[in-house]
Amino acid sequence: MKPAQKLRTRRPVRPGAVVKNAGALLVSLVFVFPVYWMFSSALKPSGEILTKDPVFVFTPTLDNFTKATGVDQFWTYVTNSVLVTVGAVLLALLVALAASFAIARMRFKGRKGLVLAVMMAQMAPWEVMVIAMYMIARDSEMLNSLPLLTAIYFVMVLPFTIWTLRGFIAAVPVTLEEAAQIDGCTRGQAFRKVIFPLLAPGLMSTSLFGFITAWNEFAMVLILNKDKSAQTLPLWLTEFQSAFGNDWGATMAASSLFAVPVLLIFIFLQRKAVGGMTAGAVKG
Amino acid sequence: MTVHSQGAATSAPQDAPMKSAAAPPEAPVSGSDRGRTSPRGARRSLPSGWLPYLLIGPAVLSLAVLLLYPLIKNVILSFQDINKIEFIQRKYPFAGFGNYTELLGDANFWTVVVRSFGFTLANVALIMVLGSLIGILLNKLGTKMRLVLSMALVMAWAMPIVASVQVFKWLFDEQFGVMNWLMRTAGFAGYEQHNWMETGLSTLVIVTILVVWGSIPFVALNMYAGLTTVGAELYEAARMDGANGWQTFWKIVFPNLKPFFLVTTFLEVIWVFKAFTQVYAMNKGGPDRASEILPVFAYVEGQSQAHYGLAAAISVLTIVILVVVMSFYFRLILKQEEEQ
């Protein structure tokens with residue numbers, strides 16, 4: 001009786017399946033369309049951007065990209081973004097590795113409090129604190145400072161990095177470490193030779209999410225770094241758009257350039273990253 | 001996490017989806033705690049007392065300097081009367097509760113509060129309902145179609161916020177936007193040069209579409225990962241008992257995924273409530289400050305209007321609201337942990 005029931009629900013081509021697939025296709029289209037429209041507009045000759053009825057077939061051109069990258073100090077923005085992002089992520093990895101090892105493997109007074117503090121810090125309302133940050137930076141003569149921006153991004157991604165690495169370290173069986181120590185390793189060597197290599201996927205996925213957070217950050221750099229020479233790509237993008245008005249082709253080329261690293265990371269991440277990531281950092 | 005559970009769509013996710021949706025609770029630590037109670041474990045986990053403090057030192061110090069201090073500074077600022085002149089002279093006279101009484105007595109402030117709540121409510125409701133529906137849809141699709149849909153979702157998810165704001169501005173452009181063309185093509189009148197950013201409300205509607213579009217993937221893909229952990233035999237049983245889809249959802253899916261729904265909803269509330277970038281980059285809180293939500297309101301008051309003390313007070317009140325939401329969230333996580 002049971003197999004028969006199963007057959008009845010699985011076998012026949014149900015009309016529902018067609019509806020489901022059509023629905024899924026429509027939903028997919030809705031989600032992809034803005035991304036597609038960004039790339040396709042970026043590749044359109046300017047004559048075919050400003051048309052009342054959108055043009056779907058066109059000969060692609062790289063003109064818009066040339067225009068976008070030709071903006072004054074474009075490479076300064078790129079360099080700043082890369083420096084700040086990579087700096088923040090590396091710092092966070094280093095500091096978090098130590099802290100998460102202590103949390104995962106040691107018992108000490110105040111451990112519970114630290115865990116709670118990290119959890120709360122993960123939800124810190126950075127966007128809301130920009131005015132206080134601005135006053136502090138101004139009073140300590142740190143406006144337009146890339147090191148300060150790096151430090152802030154580092155602390156933004158730190159709680160998440162600690163949190164995730166803690167999970168990865170906890171997942172490494174203690175017995176492995178023990179075995180190494182019995183074999184004569186010191187505690188530090190056991191960590192370096194046994195745990196660290198096993199953390200590779202964890203380090204990779206946490207740093208990629210950290211990268212995304214820092215790469216996308218907008219509110220802090222908006223208020224702290226008014227000087228173009230100390231700004232990052234998100235500001236370049238918004239300012240580009242207000243400066244070029246409705247040169248949408250160039251704006252879309254700029255948006256594409258900004259988005260491509262993150263899109264690539266997501267595709268990369270999806271295949272490589274494993275283990276318990278937390279969501280906090282994805283959206284910041 | 002979602003990305004991975006999505007990538008490994010067909011293999012059963014090893015970690016519970018509700019855990020991956022939220023910050024994973026402290027539970028896994030118990031494993032190493034257990035190890036510690038063994039005699040050998042005790043030796044191992046008893047380094048000369050200062051080592052753990054040395055290891056956590058840099059993290060604690062950085063959090064204190066760059067997070068705790070600005071938070072405290074924020075509270076202090078909120079009690080000071082700082083406008084343009086004081087700012088230039090770097091003299092910050094205390095104003096007691098002046099900023100707060102001014103705010104609480106200001107109709108504008110309350111308008112922004114109500115707007116912020118409405119905006120958050122609308123966004124979170126849409127995100128949760130549509131996200132769950134798409135998650136359920138993912139679960140019901142065949143392998144190929146599921147891959148197509150999840151790739152589409154990942155694309156939207158991966159779009160950096162500032163870039164997607166630019167794209168949506170272009171989609172909703174007054175003259176050459178695809179949206180106006182679409183509306184005309186669909187036969188609606190009045191979409192020749194329709195200005196979608198004409199009012200604060202319509203601006204926020206565009207922001208809502210953007211936020212919902214960008215947030216659904218997270219909910220949908222997590223929901224799907226969660227559904228795969230609900231045993232197929234439960235659906236089977238429900239079907240044999242003659243339950244329809246709606247009943248199956250409320251009797252089987254919802255109770256099983258309750259932690260996921262609660263935690264995700266709280267996370268979305270927090271994320272949407274402080275959605276500064278989307279609102280500000282869309283139209284700078286305009287037109288005429290009519291699309292400002294609390295974080296944007298604080299920024300504009302502080303920066304453009306040079307009312308620094310007042311802006312700090314706004315942000316303190318915003319943080320208070322967020323803390324109330326967060327306290328629910330933390331209680332939830334703690335409760336969830338006790339139940340496990």
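I began with a term: helices here are DSSP runs of H or I with at least four residues, numbered from the N terminus. The model I am reading is predicted.

**Entry: a glycine in chain A.** I looked up A:Gly23 and found it in helix H2, residues 15-42 of chain A. A:Gly23 counts as partly exposed because its relative accessibility is 27%, which falls between the 20% and 50% cut-offs. I then checked A:Val78, 55 residues along the chain from A:Gly23, and the two C-alpha atoms are separated by 40 Å.

**Entry: salt bridges.** My search of the whole structure gave 12 salt bridges over all chains. One of them joins A:Asp53 to B:Arg184, with the closest N and O atoms 3.4 Å apart. This pair crosses between chains, from the loop between H2 and helix H3 of chain A to helix H11 of chain B. Is B:Arg184 buried or exposed? B:Arg184 counts as buried, because its relative accessibility is 17%, whereas A:Asp53 is partly exposed at 45%.

I also noted A:Asp139 and B:Arg90, whose side chains meet at 3.8 Å, N to O. That pair crosses between chains too, from helix H6 of chain A to the loop between H6 and H7 of chain B.

**Entry: chain B surface and spans.** I found a nonpolar surface patch of about 400 Å², made by B:Leu68, B:Ile72, B:Ile76 and B:Phe94. B:Phe94 lies in the loop between helices H6 and H7 of chain B and counts as exposed at 61% relative accessibility.

The unreviewed UniProt entry lists several stretches of chain B as "transmembrane region", including residues 50-72 and 308-330. I see that residues 50-72 are 96% helix, with end C-alpha atoms 29 Å apart. Residues 308-330 are 100% helix, and their end C-alpha atoms are 31 Å apart.

Technical notes: Residues numbered from 1 in each chain as written. Chains lettered and ligands numbered in written order. Predicted model: local features only at pLDDT ≥ 70, side-chain atom pairs only at ≥ 80, totals over all residues. Heavy atoms only, no water. Patch = residues over 30% accessible without salt bridge, like charges linked within 9 Å, V, L, I, M, F, W, Y side chains within 5 Å. Areas by Shrake-Rupley, 256 points an atom, 1.4 Å probe, with all protein chains shown as cover. Salt bridge = Lys/Arg side-chain N within 4 Å of Asp/Glu carboxyl O. Helix = DSSP H or I, 4+ residues; strand = E, 2+ residues; numbered from the N terminus. Buried < 20%, exposed > 50% of the residue type's maximum accessible area, 1.4 Å probe, protein only. UniProt positions renumbered as here; feature names shortened; annotations may be inferred.
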